[in-house]
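Visitor: I am new to this structure. Could you show it to me and take my questions?

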Amino acid sequence: MNPIQMVDLKSQYQNIKSEVDRGIQEVLDTSAFINGPAVKRFQENLEKYLDVKHVIPCANGTDALQIALMALDLKSGDEVITTTFTFVATAEVIALLGLTPVLVDCDPHTFNMDLHALEKAITPKTKAIIPVHLFGQSCDMEFIMALAKKHNLFVIEDACQSIGADFIYSDGRKQKTGTIGNVGCTSFFPSKNLGCYGDGGAMFTNDDALADKLRVIANHGMKVRYYHDEIGVNSRLDSIQAVVLDAKLKHLDTYNLNRSKAAAFYSSAFAKSDKLTIPAVEKKSTHVWHQYTLQLHDSVNRDELIKHLSEKGIPAMIYYPVPLHQQKAYRDQRYKDGDFPISEQLAKTVLSLPMHSELTEEQLTHITNAVLEGIK
């Protein structure tokens, strides 16, 4: 059995090696390292895959979120609502721009934003919502978009963990996460379902005017070289990363299907255990399983289980050990410990197992047996 990785990028590379190597060599031969033909080609292919009018590549997922907020002309002190149970980048960009992050709790089953808490958090100062499609499945975007329309709010989708997932409307229609709000953002960090071999990100929108503004801001605020119409940043996806992403995009649905099969194996093995809770699958979304995250019950010592798995050659991770409202940088007198009980409980009990497209049945059997043995 091959060593078990949280994400096995080496094995994945072997299956697309010839195409990736050929594409990288082409970039080297042409020396079109920035905004070369490879970037344009990937952008167009991703637009087709997502069925969205505009994909604007950028340097990373954090930049995507920041540029999206910059393009909406929000003012200092404007409130932006997001979840406290997420990676820090979601709130980081709000604070960096002088906006006010407003945090809400999450759903205990899907880990996504609590919709009742979201609605209660809206005030006259609220200007935008950033729903996070956490661990690979969509928030209820039908509800969120209706709420945003009612209160005249922008919606910036944080789809950094959900590329390829479909939101399913009440009438049965499907739409890719990241393409529903005013603008969607994703990350191409190597461990993502669609990941490059460095940093990368992108923004998605069907709004022509907003797309133009996103492009300008990402390029130092320039439409015409050396003429700066906006306060901008320098955020570009380089050609070598675009080559890698374009090669992987052809296989993204297969990668996500393989992840789904691995998740089904896990859930089947753990379904009857009374010492853990398997992740729920939202009926209104497909799940692309960026993470497979268990909730451990009180009888299970998480640190001891992680140690047991490590001794068996199995890595495990905690996403996320500290909710944002308890992070030193985001402590705020508006919030106190206990205000977000679901997120605080999840932070103490969640454990993510290896999840990637190359997991074998032998590896999955070894992992599940080790977990069940470790929680006896």
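Guide: Begin on the other side of α9, where Lys261 and Ser268 are exposed. Exposed means over 50% relative accessible area, buried under 20%, partly exposed in between (1.4 Å probe, protein chains only). This is a predicted model: local features need pLDDT of at least 70, side-chain atom pairs count only at pLDDT 80 or more, and totals for chains, interfaces and linings use all residues. Residues are numbered from 1 along each chain as its sequence is written, and side-chain values use heavy atoms, without hydrogens and water.

Visitor: Over what arc do the buried residues of α9 lie?

Guide: Helices (H or I, at least four residues) and strands (E, at least two) are DSSP runs, numbered from the N terminus. The buried residues of α9 include Leu252, Arg259 and Phe270. They sit on the same side of α9, because their arc, taken from the directions from the helix axis to the C-beta atoms, is only 135°.

Visitor: Is serine 343 buried or exposed?

Guide: Serine 343 is found in helix α11. Its contacts (heavy atoms within 4.5 Å), leaving aside neighbours within four places in sequence, include Thr84 and Pro323. Its relative accessibility is 0%, so serine 343 counts as buried.
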